[in-house]
Each structure stands twice: as structure tokens, then as C-alpha cells.
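Please keep the sequence and the structure in view while reading.

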Amino acid sequence: MVRTASAAGLGTGKLVHGTGRRIRRATSAEGAGESGLAKLIELHALNSFGDMLITIALASTIFFSVPTGQARGRVALYLLITMAPFALLAPVIGPLLDRLPHGRRAAMAMSMLARAVLAWTMAGVIAGGGIALYPEALGVLVASKAYGVVRSVVVPRLLPHRLSLVKANSRVTLAGLLATGVAAAVGGLLHLIGPGWPLRGAFLVFVVGTLMAFHLPHTVDSAKGEQRAVLHAEVSTEVPGGGSHLIHHKPPKVKASLRTVGPSVVLALRAMAGMKWLVGFLVFFLAFLLRTDPIGGLRPTLALGLVALAAGTGNALGSVLGSWLRTRGPEATVTAMLLLATCVTAAAALWYGVVTVVLVAGVSGMAASLGKLALDALIQRDVPEAVRTSAFARSETLMQLSWVGGGGIGIVLPLNGVLGLSIAASVVGLVLLWTARSLLRLGLRRHPTAPRVA
């Protein structure tokens, strides 16, 4: 028995060690190990793992533990108490982090540490599902989104010479998706022990993540050559002899916009906002719809599992395709993804059934993933390095707010599949028309407009 146990332990050790070496070899390929990108990939995988454990704990308490009618009210309360304050805080996160260019590693570590503390605190109150859980969930949400903003602006600082920004972002995203899949299985097993155990697991994950954040290269904290993007419309004045020049003094107050990052980036931001809105809508609308009216006579858990699997597969497929995406013509790519998402959503509304609902979940996930990589390519192409990190921060904030808006609409609509998907198709269809009109005006620009900086 001793020899058998020893052999089993040795075999397990070799398996873990071999798996670790293969993971490290994959994350360090094409110069990612030398530049430090590999460390960020591993940190993001850990971040996604911990976030998924918290999601499982909250979903099991707020969504699955009560009847559908009560669950809808509790999720609506969750959105009201967490998402509404976040909608007010989100526009502040990007500019605030812009002012901390020399503390990005510390900011990422603090976001991890905050979630570790909150996860441990929630583990003690989650069984009751009381109102005290919601402010803590808001803190987790804000910390998670703050990490996402910093991560977006850190990737260009760790970019290897042999990788484009699109490929680097697709690697980071794919690592997070794979970690999420593993965390879903681990979280399910921990939940069998008790509702607080996924949160205790998240506590350990985020503690490790806090330490890993400080092992990122020092270039992450470098702000050399960086400036802040100005999110206001251009202000120009006529000069003698014709032409115009930009006013260098403080411009008058104008309607806030992202136009100074260039028309191509604005086009992609608009399209991505529409796709993020659709993803947020589908997450909440289908979650409740399939509990009360499962498609094709399937059991609710099976129907939800199929949709979740399709969405995850679509996200992963978009990330893989992004590795092969050429940086030429990203405007057409993001518009094509919006067109695809609109057509599939309209088809699901017209022919509502198992196949179309699963298809719309998968396609929307793939379109949002690939579209985000195209947006990253446009920011890299059209926005000078001096303001690129600021542009990434603000675009990430807009994406999160769009997701929140879609989720809110998905909560309040009646649980009718044809009606809900028809409304979703109409919304993204309007965004598609607006985007296509801008694309026709713009054309496939070869010479980007330089943004104004401050």
C-alpha cells in the first residue's frame, strides 16, 4: 500500500509538473516570456478563475436557490443595488486610473486584494442571501472592472516585437476563457460542500493574484511618453490665408465624445457597444426565459447548459480567430460581426427554437470577442502611443456600461422569447445601420486622424 501510494503521488507530481511546463511554454511563446506578457497572461487566467468562483456562489444564491418569480426580483434588486452605482462609478474608473500611471501593478494588486477580502466576508453571509450581500457584490464588481481597465492599458506595454496587439489580446482573452471553464467545474464541486466554499476558494485565488501582480515587469509602471486622451469634440479656428488650426488653450465646454481618437475608432466603439449590449441582454433574458419556458421540451438546467456552452465556445472561437486576424480592414471586420449578430438574432426571433437560440448565444459571443480584438487593432493603428493607454481605459469603460444597459433591459422585458429577441434584433439592427452609414462615409481609411491630446 505504501509503495502504491508513493507511486501514485509520484505520478501525480510528474503530471502536474509536466502540465505546468506545457502551460508556461505556451504562454511564453513568440517572445511573450521575455517581454513579460506571459506573466500577465497567467495573472489574467487567475483573475478569471477567481471571478468565476464568485459568480457561481452568487448565482447559486440569487438565481437557482429560489423559484423563478422570486429569483427575477432578487436579480433585479441585485442590478439596482450593484449595477446602478457602478454605472455612476464606471466613467470615473478610467480617468482615475489614468492619473496613476506609475502605480499600475499596485492597482492590479489592490483589485485582487479587495476581492479576496470581500470574498471571505461574503462567505459568511451568503447562505442567508440577505441585503448585506449586495454592497459587497458591488465592491467585487467595481474591483473586477478596475482590473479590466488596467489590464487593457498594460498589454501594449508588454507587447513582444513578434506579436501584434490583436494576437496578444487574443492570447490573454483565451487564457481567461480556459481558466473560466476549469473554474466552473471546480466551483460546482466546492458548492456541493457548502454555498460559502466557492467564495473561500476565490479568497485563496485572489491572495495568490495579489502577489503575482507585483511580479509583473517594471515597464508596466512606466508612463514614459504617455499623455491623456481628450474626450471632447475637436475645436478649431480659421487662420488667415485659409485652413484651420487646433486651439491649444483650454477649449470651451462641449458635449463629451470620443471623436478625438479618430473616426474609425468611433465606428468600432459604436459597433462594439451594440454587441456588448446584445450579450448583456441575452445573459439575463435567456437565463430567466429558459427557467420558465425551456426550449424544445428540454429540462431548464439542460437548456441553460447548452446556451452557456455555446456562448463560451463562441467566445473561445472568436479569440482563436483573432490570432489570425489581419490588422488591415478592422472597420469592415467589426461591422461584419455586428451584421452577423443582427442576422442571427433576427433569425432566432423568426424561427424560435433550440437550434436558433443556441446559435444566437454562440454567434453573439464570437462576434463580441472578435469585434473587441478588431477594436484593439484600430486603437493600436489610429491612436498614437502617447494617448493609447488612455483610449484603452475609456473604451473598456464604455463596453462595460453597454453590457449593464443590455442586462437591465433583459430583466424588465416580459418572458416571451419571440418578443425579447425581436426587440434585441431591432436594437442591434439600428446600431448596424448607423455603423454601416459611418463606414460608407469613412471608407477603409488608410490615413488615420490624429487625436488631440492634453
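## Aromatic rings

Trp-277, Phe-281 and Phe-285 are joined into a cluster by ring pairs. Rings of Phe, Tyr and Trp (for Trp, its six-membered ring) pair if their centres lie within 6.5 Å; planes under 30 degrees apart count as stacked, over 60 as edge-to-face and the rest as tilted. By this rule there are 4 aromatic pairs. Trp-277 and Phe-281 form a stacked pair, because their ring centres are 5.4 Å apart and their planes are at 5 degrees.

Trp-277 and Phe-281 both belong to helix H9 (residues 263-292), where they are 4 residues apart, about one turn of the helix. Are they buried or exposed? Trp-277 is buried, with a relative accessible area of 14%, and Phe-281 is buried as well, at 0%. Buried means under 20% relative accessible area, exposed over 50%, and partly exposed in between (1.4 Å probe, protein chains only).

## Basis of the model

The model is predicted: local features need pLDDT of at least 70, side-chain atom pairs count only at pLDDT 80 or more, and totals for chains, interfaces and linings use all residues. Residues are numbered from 1 along each chain as its sequence is written, and side-chain values use heavy atoms, with hydrogens and water left out.

## The protein as a whole

The secondary structure of the protein comes to 14 helices and 2 strands. Helices (H or I, at least four residues) and strands (E, at least two) are DSSP runs, numbered from the N terminus. Of the 454 residues in the protein, 50% are buried.

Contact means heavy atoms within 4.5 Å. Among contacts between residues at least 6 apart in sequence, 85% join residues at least 24 apart.

## Charges over rings

A charge sits over a ring if NZ of Lys or CZ of Arg is within 6 Å of the ring centre and within 35 degrees of the ring normal. Arg-270 lies over the face of Trp-434, at 4.1 Å from the ring centre. The charged end of Arg-200 sits over the ring of Trp-197, 5.0 Å from its centre.

## Helix H9 against helix H14

At what angle do H9 and H14 cross? The axes of H9 and helix H14 (residues 417-442) cross at roughly 175 degrees and come within 9 Å. Axes are lines fitted to C-alpha atoms, for helices over the stretch in contact, and angles run from 0 to 180 degrees between N-to-C directions. H9 is therefore roughly antiparallel to H14. Angles under 35 degrees count as roughly parallel, over 145 as roughly antiparallel, 65 to 115 as roughly perpendicular and the rest as oblique.

The H9 residues in this contact include Arg-270, Trp-277, Phe-281 and Phe-285, and those of H14 include Val-427, Val-431 and Trp-434. By class, the contact of H9 with H14 has 17 nonpolar, 6 polar and 1 charged residues. Ala, Val, Leu, Ile, Met, Phe, Trp, Tyr, Cys and Pro count as nonpolar, Asp, Glu, Lys and Arg as charged, and the others, Gly among them, as polar.

## Helix H7 against helix H8

Helix H7 (residues 165-193) packs on helix H8 (residues 197-213) at an angle of about 130 degrees, with the axes 7 Å apart. That angle makes H7 oblique to H8.

On the H7 side, the residues are Gly-187, Leu-190, His-191 and Ile-193; they meet Trp-197, Pro-198 and Gly-201 in H8. The contact of H7 with H8 has 4 nonpolar, 3 polar and no charged residues.

Arg-151 is in helix H6 (residues 133-154) and counts as buried at 13% relative accessibility. Not counting residues up to four places away in sequence, Arg-151 touches Leu-40, His-44, Met-108, Asn-169 and Val-172. Asn-47 lies in helix H3 (residues 37-62) and is buried, with a relative accessible area of 4%. With the residues up to four places away in sequence again not counted, Asn-47 touches Met-112, Arg-115, Tyr-147 and Phe-206.

Thr-356, in helix H12 (residues 354-382), is buried with a relative accessible area of 16%. Leaving aside neighbours within four places in sequence, Thr-356 is in contact with Ala-347, Ala-348 and Trp-351. Leu-118 is in helix H5 (residues 104-123). The C-alpha atoms of Leu-118 and Ala-137 are separated by 7.9 Å, and the two residues are 19 residues apart along the chain.
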